[in-house]
Amino acid sequence: MVSENIKNFVDEISGQVQKEAKYIELVFTIYYLISLVEPGKRESFQEAINNAESIEDAYEILNALKLQIGAQGAKKLLKNL
């Protein structure tokens with residue numbers, strides 16, 4: 001039977017890996033969305049994600065990307081009216 005210390009250690013490592021996996025997934029999502037942003041603004045978003053210090057920073061960048069992509073879509077839609 002596995003000791004309590006080992007079980008706690010494994011649980012801690014597992015939790016850390018899951019947290020890091022979420023962050024990695026979030027960053028890859030952000031990079032994909034950056035590719036959808038108009039070329040003139042991509043560099044600003046890339047710089048922002050490169051300078052992000054926490055998962056909260058990454059979520060703020062994600063929210064800004066959603067606004068940017070939404071604005072681009074609205075602008076494109078209005079041009080076609």
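Buried means under 20% relative accessible area, and by that cut-off Ala 58, Ile 61, Leu 62, Leu 65, Gln 68 and Gln 72 of helix 3 are buried. The legends below describe close-up views of a predicted model.

**View 1. Helix 3 and its buried residues.** Helix 3 covers residues 55-79. Its 25 residues should span 36 Å at 1.5 Å a residue, and the end C-alpha atoms are 36 Å apart, which agrees. The buried set consists of Ala 58, Ile 61, Leu 62, Leu 65, Gln 68 and Gln 72. An α-helix has 3.6 residues a turn, so residues three or four places apart point the same way. The cover over the buried residues of helix 3 includes helix 1 and helix 2.

**View 2. Helix 1 and its buried residues.** Helix 1 runs over residues 4-34. With 31 residues, helix 1 reaches 45 Å from its first C-alpha to its last, close to the 45 Å expected at 1.5 Å a residue. Leu 26, Val 27, Ile 30, Leu 33 and Ile 34 are the buried residues of this helix. Helix 2 and helix 3 are among the elements that cover them.

**View 3. Packing of helix 1 against helix 2.** Two packed helices are described by the angle between their axes and the distance between the axes. For helix 1 and helix 2 (residues 39-50), the angle is about 170 degrees and the axes are 10 Å apart. Angles over 145 degrees count as roughly antiparallel, and helix 1 and helix 2 are therefore roughly antiparallel to each other. Helix 1 contributes Val 27, Ile 30, Tyr 31 and Ile 34 to the contact, while helix 2 contributes Arg 42, Phe 45, Gln 46, Ile 49 and Asn 50. Sorted by class, this contact has 6 nonpolar, 2 polar and 1 charged residues.

View 4. Leu 62 is found in helix 3 and counts as buried at 14% relative accessibility. Leaving aside neighbours within four places in sequence, Leu 62 is in contact with Leu 26, Ile 30 and Leu 33. Between the C-alpha atoms of Leu 62 and Asn 80, 18 residues apart in sequence, the distance is 27 Å.

View 5. Gln 68 lies in helix 3. With a relative accessibility of 13%, Gln 68 counts as buried. Not counting residues up to four places away in sequence, Gln 68 touches Val 37, Glu 38, Lys 41 and Phe 45.

View 6. Gln 72 belongs to helix 3 and is buried, with a relative accessible area of 16%. A polar atom of the Gln 72 side chain lies 3.2 Å from the backbone oxygen of Leu 36. Apart from neighbours within four places in sequence, Gln 72 is in contact with Leu 36, Val 37 and Glu 38. Val 37 and Glu 38 are also among the residues touched by Gln 68.

**View 7. Ser 54 in the loop between helix 2 and helix 3.** Ser 54 lies in the loop between these two helices and is partly exposed, with a relative accessible area of 24%. Its side chain makes a polar contact with the side chain of Glu 56, at 3.2 Å. Ser 54 and Tyr 23 are 31 residues apart along the chain, and their C-alpha atoms are separated by 8.8 Å.

**View 8. Lys 75 of helix 3.** Lys 75 is a residue of helix 3 and counts as partly exposed at 48% relative accessibility. Its C-alpha atom is separated by 63 Å from that of Met 1, which is 74 residues away along the chain.

Technical notes
Residues are numbered from 1 along each chain as its sequence is written. This is a predicted model: local features need pLDDT of at least 70, side-chain atom pairs count only at pLDDT 80 or more; totals for chains, interfaces and linings use all residues. Side-chain values use heavy atoms; hydrogens and water are left out. Axes are lines fitted to C-alpha atoms, for helices over the stretch in contact, and angles run from 0 to 180 degrees between N-to-C directions. Helices (H or I, at least four residues) and strands (E, at least two) are DSSP runs, numbered from the N terminus. Angles under 35 degrees count as roughly parallel, over 145 as roughly antiparallel, 65 to 115 as roughly perpendicular and the rest as oblique. Contact means heavy atoms within 4.5 Å. Ala, Val, Leu, Ile, Met, Phe, Trp, Tyr, Cys and Pro count as nonpolar, Asp, Glu, Lys and Arg as charged, and the others, Gly among them, as polar. Buried means under 20% relative accessible area, exposed over 50%, partly exposed in between (1.4 Å probe, protein chains only). A polar contact is a pair of N or O atoms within 3.5 Å; within protein, one must be able to donate a hydrogen and the other to accept it, and residues adjacent in sequence count only if both atoms are side-chain atoms. The expected span of a helix is 1.5 Å times one less than its number of residues.
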